[in-house]
Amino acid sequence: MKQTKQLWSPFLTIEKGLLVLGILVLILMSISTVYHNSIYSYDQYSQTYPNAGLEFFYYLYCVGVNPFLFILLMLLMPNLISYDFLNIHQNHADYMIEARISKRSYYHNIFIKNIMISIMTVFIIQIFILITIHFFYAPIQFNTMTYPENYYCTTQLFCQNEILSLFLFTVLTAIGYGIVSSLLFSLQVIITNKYIYRCFGVIFGILLVLIPALIQGYLPNPDLAFILQINNLVAIGMENVRANPFGFSHLTLYLVSAGIYSGFSFGCFQILKKRREQYD
């Protein structure tokens with residue numbers, strides 16, 4: 001127990017709590033901005049379409065239309081644990097921990113905990129958003145509408161049961177951010193400036209949105225590029241700009257992209273660990 005407390009104490013601080021609180025405040029502001037500039041704020045819209053609250057929740061994830069939530073969460077991801085891990089390393093404050101439990105155990109422990117904390121944080125934020133929408137914007141209701149084919153918005157992404165579909169969406173999105181967070185953690189192998197790294201999540205997220213669109217013309221099959229797009233992990237089925245590549249379902253596309261990102265993350269983490277073992 002004492003060892004676990006010593007391992008966590010550098011990462012769980014009042015400053016970290018204030019950071020998460022600040023992000024929540026900015027998310028509230030972004031929700032208000034998006035709502036009042038969208039169709040969901042029109043008079044009688046909620047009365048005409050009972051699923052308006054649920055539709056609005058999903059609409060917040062449309063990176064191409066309103067990227068506020070995506071940017072704020074990508075700003076948060078490297079600052080949960082990864083930044084502190086880099087800062088402690090550069091200040092040589094981790095030597096005592098490494099000497100006590102070994103560098104290998106320390107790195108693996110923090111890598112896994114970073115993923116878990118990222119998943120839990122994003123999931124809690126999503127519940128917070130749902131509650132905010134329900135009480136202040138439009139009630140969250142389920143199974144109140146049968147959507148026609150190709151309707152501009154649907155709340156039945158994975159199945160006809162909207163409760164199960166919402167649960168799958170929030171859990172898979174949280175796991176998606178956890179995978180991206182693990183990749184950001186591993187990219188400390190090339191991003192060693194802690195001040196740049198602190199805001200690198202936003203830069204990295206924007207690149208992962210733009211690069212697939214820029215490189216598709218240079219690939220034998222343009223659909224290959226869109227498998228790498230970050231929307232597949234953090235905005236499942238929300239863009240509706242084009243058909244899913246290779247005719248994949250939303251879930252299949254998510255699983256393929258998650259596998260690729262997880263592979264990149266684990267590979268970069270192994271390089272990071274070996275490089276620090278070699279040069280520290």
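**Notebook: helix packing, salt bridges and loops**

Contact here means heavy atoms within 4.5 Å, and the helices (H or I, at least four residues) are DSSP runs numbered from the N terminus.

I note for the record that this is a predicted model, in which local features need pLDDT of at least 70 and side-chain atom pairs count only at pLDDT 80 or more, while totals for chains, interfaces and linings use all residues. Residues are numbered from 1 along each chain as its sequence is written, and side-chain values use heavy atoms, with hydrogens and water left out.

**H14**

I listed the buried residues of H14 as Leu253, Tyr254, Ser257, Ala258, Tyr261, Ser265, Cys268, Phe269, Gln270, Leu272, Lys273 and Arg276. I then checked the span of H14, which has 30 residues and reaches 43 Å from its first C-alpha to its last, close to the 44 Å expected at 1.5 Å a residue; the expected span is 1.5 Å times one less than the number of residues.

**H6 and its surroundings**

I turned next to H6 (residues 82–90), where eight of the nine residues are buried, so the helix is largely enclosed by the rest of the structure. The buried ones are Ser82, Tyr83, Asp84, Phe85, Leu86, Asn87, Ile88 and His89, and I found that their cover includes H2, H8, helix H9 (162–186), H10 and H14. After H6 comes His92, for which I read a positive phi near 60°.

For the pairing of H6 with H8 (residues 103–136), I found that the axes come within 10 Å and cross at roughly 155°, the axes being lines fitted to C-alpha atoms over the stretch in contact, with angles running from 0 to 180 degrees between N-to-C directions. H6 and H8 are therefore roughly antiparallel to each other (angles over 145 degrees count as roughly antiparallel, under 35 as roughly parallel, 65 to 115 as roughly perpendicular and the rest as oblique). On the H6 side I noted Ser82, Phe85, Ile88 and His89 as making the contact, and on the H8 side Tyr106, Tyr107, Ile110 and Asn114. Sorted by class, the contact of H6 with H8 has five nonpolar, three polar and no charged residues, where Ala, Val, Leu, Ile, Met, Phe, Trp, Tyr, Cys and Pro count as nonpolar, Asp, Glu, Lys and Arg as charged, and the others, Gly among them, as polar.

I counted two salt bridges, a salt bridge being a side-chain nitrogen of Lys or Arg within 4 Å of a carboxyl oxygen of Asp or Glu. One joins Asp84 to Lys16, with the closest N and O atoms 2.6 Å apart. Asp84 lies in H6 and Lys16 in H2, so this pair ties together parts that are 68 residues apart in sequence; both Asp84 and Lys16 are buried.

The salt bridge between Arg198 and Glu15 has its closest N and O atoms 3.5 Å apart. Arg198 belongs to helix H10 (residues 194–198) and Glu15 to helix H2 (residues 14–36), so the pair ties together parts that are 183 residues apart in sequence. I recorded Arg198 as partly exposed, with a relative accessible area of 30%, and Glu15 as exposed at 52%.

**Loops**

In the loop between helix H13 (231–234) and helix H14 (250–279) I located Phe248, which is partly exposed at 26% relative accessibility. Leaving aside neighbours within four places in sequence, I found Phe248 in contact with Ile227, Leu253 and Val256. Phe246 is also found in the loop between H13 and H14; its phi is near 60°, a positive value in a residue other than glycine, and I noted Phe246 as partly exposed at 39%.

Last, I checked Gln44, in the loop between H2 and helix H3 (45–48). Gln44 has a positive phi near 70°, again in a residue other than glycine, and is exposed, with a relative accessible area of 52%.

Definitions and conventions. Helices (H or I, at least four residues) and strands (E, at least two) are DSSP runs, numbered from the N terminus. Buried means under 20% relative accessible area, exposed over 50%, partly exposed in between (1.4 Å probe, protein chains only).
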